[in-house]
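Open the model in your viewer and keep the sequence panel beside it. The stops below say what to select and what is there.

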Amino acid sequence: MARSITKKNKCSRGHRSPISKKKSHSSTDFGHRNYSLYINRVLKEVVPQRGISSRTLDVMNTLINDIFERISMEACSLMCFRNRCTLTPEDIQKAVYLLLPGKLAKYAVAFGSEAVQRYVHS
């Protein structure tokens, strides 16, 4: 008889672990943002004469939501591994370094840190 093994969350305030939530892979669910407008804006800024199909926008939106979910899950597990209940920028940066390959992670952290600094000083 197979026995169900449950993983206890180490955060002390009784918060449920995001790992234990039911996953759904539909991009129209609540909790998944739609980045189509931002993808179009960036595309027009980079290549003004080009457009993008709605199918490609859906694929890009799914990719962004998937990467966001992976980074947030990894950052949460790092936070709980350190027995903390506050997510810090270091947790997010370490999660990015763990999930993205080499230079891509380096550039992602650099651009992310720069964006946070611009936001704080504005």
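## The largest pocket

Begin with the lining of the largest pocket, whose residues divide into 18 nonpolar, five polar and one charged. Keep in mind throughout that this is a predicted model. Which element supplies the largest share of the lining? That is α4, with eleven residues. The space inside the pocket comes to about 900 Å³.

## Ile92

Ile92 sits in helix α3. Show atoms within contact range and ignore the neighbours up to four places away in sequence: Ile92 then touches Ile71, Ala75 and Leu87. Now draw a distance from the C-alpha atom of Ile92 to that of Cys76; the separation is 8.5 Å, although the two residues are 16 apart along the chain. Is Ile92 buried, partly exposed or exposed? Its relative accessible area is 37%, so Ile92 is classed as partly exposed, because that value falls between the 20% limit for buried and the 50% limit for exposed.

## Ser36

Move to helix α1, which covers residues 36-46, and select Ser36. Setting aside neighbours within four places in sequence, the contacts of Ser36 are Leu57 and Asn61. Why does Ser36 count as buried? Its relative accessibility is 16%, and the cut-off for buried is under 20%, so Ser36 falls on the buried side.

## The whole chain

Zoom out and switch to a cartoon view. The chain has four helices and zero strands, and reading along the sequence gives the pattern α-α-α-α. Colour by burial next: of the 122 residues, 17% count as buried. Then show the surface, where the chain exposes about 10,500 Å², with 58% of that supplied by carbon and sulfur atoms.

Among contacts with a separation of 6 or more, 41% join residues 24 or more positions apart.

Technical notes: Residues are numbered from 1 along each chain as its sequence is written. This is a predicted model: local features need pLDDT of at least 70, side-chain atom pairs count only at pLDDT 80 or more; totals for chains, interfaces and linings use all residues. Side-chain values use heavy atoms; hydrogens and water are left out. Helices (H or I, at least four residues) and strands (E, at least two) are DSSP runs, numbered from the N terminus. Buried means under 20% relative accessible area, exposed over 50%, partly exposed in between (1.4 Å probe, protein chains only). Contact means heavy atoms within 4.5 Å. Accessible areas come from the Shrake-Rupley method with a 1.4 Å probe; for residues, only the protein chains shown count as cover. On a 1 Å grid over the protein atoms alone, a cavity is a set of points where a 1.4 Å probe fits but cannot get out, and a pocket is an open set with protein on both sides within 12 Å along at least five of seven lines; lining residues have an atom within 4 Å of a point. Grid points are joined across faces, edges and corners, and a volume is the space filled by probe spheres set on the points. Ala, Val, Leu, Ile, Met, Phe, Trp, Tyr, Cys and Pro count as nonpolar, Asp, Glu, Lys and Arg as charged, and the others, Gly among them, as polar.
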